Amino acid sequence: MNKKSIRNICCIGAGYVGGPSMAVIALNCPELIVNVVDINLQKIEAWNSDDLNKLPVFEPGLDTVVEKCRDKNLFFSTEVQKNISEADIIFISVNTPTKTIGLGKGYASDLKWIESSARQIAKYARNHTVVVEKSTLPVRTAETIKDILESSEEISDFGMQKEPKSFSIISNPEFLAEGSAINDLQSPDRVLIGGEDEESIEKVCSIYKNWVDPSKIITTNLWSSELSKLVANAFLAQRISSVNSISSLCELTGANIKEVTLAIGKDKRIGDQFLKPGPGFGGSCFKKDILNLVYLCQYYGLHEVADYWEQIVKINSWQQERISSIVIQNLFGTLSNKKLAILGFSFKANTNDTRESPSISISKNLIKEGARLNFYDPKVNEDKILKEFQEYEYEQKLNVFETVLDAAKGTDAIIILTEWEEFHHLNWELIFQVMRKPAWVFDSRSYLNIIQLKNIGFKVWALGQS
Ligand SMILES: NC(=O)c1ccc[n+]([C@@H]2O[C@H](COP(=O)([O-])OP(=O)(O)OC[C@H]3O[C@@H](n4cnc5c(N)ncnc54)[C@H](O)[C@@H]3O)[C@@H](O)[C@H]2O)c1
């Protein structure tokens, strides 16, 4: 079998990971052809849009990379079969959400998109193909992928013996953070490559070596690599839940969460990164990856370990409930017929991703109390926002605005839920004038200048401060 060198890469899945990660490979490896395929035609059309503001993923710097590479060595298409059959390496970057039905419901990852990708690869790949897991997967998923690839490789659709094929499976989880994806991909803290076959590991390494210092490329066995991604996300989420749990204690004791995190972050063993308090983690990954870890621990009989990690998700939900209650209590215990402005709908700044955004759960809590909500987000459009509330009569109760000032008109309170930089530079005097009094600002990110707001006349609540 010809174990050919790499010329042609195919990535299945043109989402938040597949799109940016392949764009950065194309940028740094001009000699490679990178084809990103997806079954979602609308998404592919958006990736191919002449207007770079219409790319389906917003990430600072992504438009420039796409502009440089698209239609040169980076292609977006729905031609899954053709691109799989021409690829030397196939990255699987499809979604792996939490199962909503059946065995492991609410905890385990739903691997149906992984399975269908593996079946497509088994059917259309030719000769020797390196299959790379880029999606986040439960440990030992490579075994499942291998079974699918190996069981269908020899027989054609008509039961005839086919040309021989072979596959190697590599785990190469993605550690990018949305909002800084291009920077993270260009200068990763590390690249993790797990596998069993040295030649394939080296092939994948050789791609990254075009721009990543070899000392940052870690190679491990398959299972360590798969598990490391889940553990990395669990540790990151744990940090957020830890600081958020302390934010509540600060509010009651007169301590200030900003001062506490500054003080503890100076300890090198703790470090000062990822210590910002907020309304809880969102995004498509943290919750699902921890729940997946919990499921794995339960599966292996490690019930105490499962309970330990599950608590991080519980604290996260509690923080969102807590913030909703604080808003309600401060607005005299009722939101009936009150208008509130929700500033920020993405789960964090510098992304248009709203999956699991705290804005969704907090807004729902406020709507249930009778509030009318005015939304503003610099990067999330009206359709995407209103889609989250389809079960409510949003025509009358929910509105989306193009400016903060319009969103603030006639409201009793502004609730900051995403830490967009532009909220620092608002004309707060003007905003105060258009609001009903007493006018409140609830700063769930604890990042605005409270003294300035109070001097204008606002009543202010800031997370982790009394
Ligand atoms: N979003 C992040 O920040 C992030 C970071 C690291 C890892 N991950 C992991 O990467 C994976 C992908 O995440 P994402 O955020 O990019 O998801 P996404 O939902 O944005 O994109 C997945 C894409 O795969 C496509 N797809 C599904 N099945 C397909 C098939 N059989 N053929 C072709 N296309 C198919 C979907 O249409 C979708 O566009 C997940 O496992 C996630 O946990 C995500």
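Predicted model: local features only at pLDDT ≥ 70, side-chain atom pairs only at ≥ 80, totals over all residues.

Visitor: What makes α9 oblique to α12?

Guide: Helix α9 (residues 222–253) and helix α12 (residues 303–330) pack at about 45 degrees, with axes 9 Å apart. Roughly parallel needs an angle under 35 degrees, and roughly perpendicular takes 65 to 115, so an angle between those two ranges is called oblique. That makes α9 oblique to α12. The crossing of α9 and α12 is left-handed.

Visitor: Which residues make that contact?

Guide: On the α9 side they are A234, A237, Q238, S241, N244, S245 and S248, and on the α12 side W309, I312, I315, N316, Q319 and R322. By class, the contact of α9 with α12 has 5 nonpolar, 7 polar and 1 charged.

Visitor: Why are β3 and β8 said to stand at the edges?

Guide: The sheet is open, with 8 strands in the order β3-β2-β1-β4-β5-β6-β7-β8 and mixed pairing. β3 (74–77) and β8 (217–220) each have a single partner strand, so one side of each lacks a neighbour in the sheet. From one strand to the next, the twist averages 25 degrees.

Visitor: How do you know that β2 and β3 pair?

Guide: Pairing requires at least two bridges between the strands. Strand β2 (residues 33–37) and β3 have 4 bridges, in the parallel sense, so by that cut-off they count as a pair. In this pairing N35 stands opposite F75 in β3.

Visitor: What does helix α1 touch on the sheet?

Guide: Helix α1 (residues 18–28) packs against β1 (8–12), β2 and β3, and its direction makes about 170 degrees with that of β2. α9 packs on the sheet too, touching β6 (166–171), β7 (191–195) and β8, at about 140 degrees to the direction of β7.

Visitor: Which strands stand at the edges of the sheet of 6 strands?

Guide: That open sheet runs β11-β10-β9-β12-β13-β14, with parallel pairing. β11 (398–400) and β14 (459–462) have a single partner strand each, so they stand at its edges. Here the twist averages 20 degrees from one strand to the next.

Visitor: How many bridges join β9 to β10?

Guide: 5 bridges link strand β9 (residues 339–343) with strand β10 (residues 372–376). A341 has N374 as its bridge partner in β10.

Visitor: And which residues are closest to the ligand?

Guide: G13, G15, Y16, V17 and S135 are the closest of the 27 residues surrounding the ligand. The shell has 11 nonpolar, 12 polar and 4 charged residues.

Key:
Residues numbered from 1 in each chain as written. Near = placed C-beta within 6 Å. Nonpolar A, V, L, I, M, F, W, Y, C, P; charged D, E, K, R; others polar. Axes fitted to C-alpha atoms, helices over the stretch in contact; angles between N-to-C directions. Helix = DSSP H or I, 4+ residues; strand = E, 2+ residues; numbered from the N terminus. Parallel < 35°, antiparallel > 145°, perpendicular 65-115°, else oblique. Left-handed = near helix turned anticlockwise from the far one by under 90°. Contact = placed C-beta atoms within 7 Å.
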